Amino acid sequence: MSDTNTLITPVFILGSYRSGTTMLASQLAANSNAIALPEMPFIQMLITSTASTMDEITTLYHRMTATFHFRASGIAIDLATFSQPFLVKAEPAERVYNLLRHHFQLNENQPKTWIEHTPHNRERVDLYKEIFPQAKFIHIVRDPRAVYASMHNLLRWNSHDPIAFASNWNIATTYSFTAKARQSHCSYELRYEDYILDQETKLIELCDFIGITNEECMKNGGGISLPNYTKKQHSLVGKQVDKTRINAWQSSISLREAQLITWRCLPWMLHYNYCNKNETIHPPRSLEALKYKIKQKLLSPLSKVKRFKDNLST
């Protein structure tokens, strides 16, 4: 499959949750030649669909527009417009570009860089490169202790077991790193902390990589209109970066939680220079691990209620 549209250039940001994917997308999309929406995981459904008859297209339309993320995206598209790429048997990429042109009211001769920042893009890099041959990928990685602290304080994430969290972070980082390695010619890797400490230099590098002009307004972000349910957890998005946030995690989680995360994530943390190889970390005791499992299980219903409320409000 190939991408026949040369005027929209996709840039996929990938990584673990709470690693700065939305912050980065908001700043890149503040560029006058860039566009972005809230997370769009539903595009996988769109580009892999085999719908060909009007009945099948209609079923796909209702299925996709009913998803949580599609409703949160703010896209409003009628069935007739949605169906056009399918009916003319256009390449799968055109199905996505059709949504973007419709939502942003772009004409077919208007070049734009599209920034898509769903963290789970890490699991779809090869698919996206096949469908969007000109795509570029940015892997942003953040200290897992800071990620845990960020998730730990948000009920929606139900992240109260540092051991389970660390295992999931390892998986996400492995997916992201290996995807970047396979597509090294069109990938850029960035540590969240390096970006925060030297935003000006990193923005210049990112703009060169993407192929857009560095604009002063990008430092303040504002390139994404966030849905209501996520505004609280992304309260810093759309503002200038705050360098004091890098080590804020140290006062948000216990020393033991930080130690357990380091114990579980040690290889990757060493790779990204997040810890010292000489650190002595004691593995969890059986009762200690059980305590965290029980705590997470007990708080799980509250997290489900929060997600249910978010779904209703979207």
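Mentor: A cavity is a set of grid points where a 1.4 Å probe fits but cannot get out. The model under discussion is predicted.

Trainee: What is the volume of the largest cavity?

Mentor: A search of the whole structure finds one cavity of 30 Å³ or more. The volume of the largest cavity is about 30 Å³.

Trainee: Which element gives the most to the lining of the largest cavity?

Mentor: The lining includes G15, S16, H139, R142 and W169, and by class it divides into four nonpolar, six polar and one charged. With four residues, the element that gives the most is α9.

Trainee: Which element supplies the largest share of the lining of the second largest pocket?

Mentor: The second largest pocket has a volume of about 340 Å³ and is lined by 17 residues, with Y17, M151, A164, F165 and N168 nearest its centre. At least two lining residues come from each of α8 (144–152), α9 (162–182) and α13 (286–313). The largest share is six residues, and its source is α9.

Trainee: How many nonpolar, polar and charged residues does the lining of the second largest pocket have?

Mentor: The lining of this pocket comprises 17 residues. Divided by class, they are nine nonpolar, five polar and three charged.

Trainee: Is α3 parallel or oblique to α5?

Mentor: Helix α3 (residues 54–65) packs against helix α5 (residues 79–87) at an angle of about 125 degrees, and their axes are 10 Å apart. Because of that angle, the relation of α3 to α5 is classed as oblique.

Trainee: Is the crossing in which α3 passes α5 left-handed or right-handed, and which residues make the contact?

Mentor: The crossing of α3 past α5 is right-handed. From α5 the contact draws on L79, F82, S83, F86 and L87, and from α3 on M54, I57, T58, L60, Y61 and M64.

Trainee: How many nonpolar, polar and charged residues are in the contact of α3 with α5?

Mentor: Residues on the α3 side include I57 and L60, and those on the α5 side include F82 and F86. The contact of α3 with α5 divides into nine nonpolar, two polar and no charged.

Trainee: Is α5 roughly parallel or roughly antiparallel to α6?

Mentor: The angle between α5 and helix α6 (residues 92–104) is about 150 degrees, with the axes 9 Å apart. Angles over 145 degrees count as roughly antiparallel. Therefore α5 and α6 are roughly antiparallel.

Notes
Residues numbered from 1 in each chain as written. Predicted model: local features only at pLDDT ≥ 70, side-chain atom pairs only at ≥ 80, totals over all residues. Heavy atoms only, no water. 1 Å grid on protein atoms, 1.4 Å probe; cavity = no way out; pocket = protein on both sides within 12 Å on 5 of 7 lines; lining within 4 Å. Points joined across faces, edges and corners; volume = space filled by probe spheres on them. Nonpolar A, V, L, I, M, F, W, Y, C, P; charged D, E, K, R; others polar. Axes fitted to C-alpha atoms, helices over the stretch in contact; angles between N-to-C directions. Parallel < 35°, antiparallel > 145°, perpendicular 65-115°, else oblique. Left-handed = near helix turned anticlockwise from the far one by under 90°. Contact = heavy atoms within 4.5 Å.
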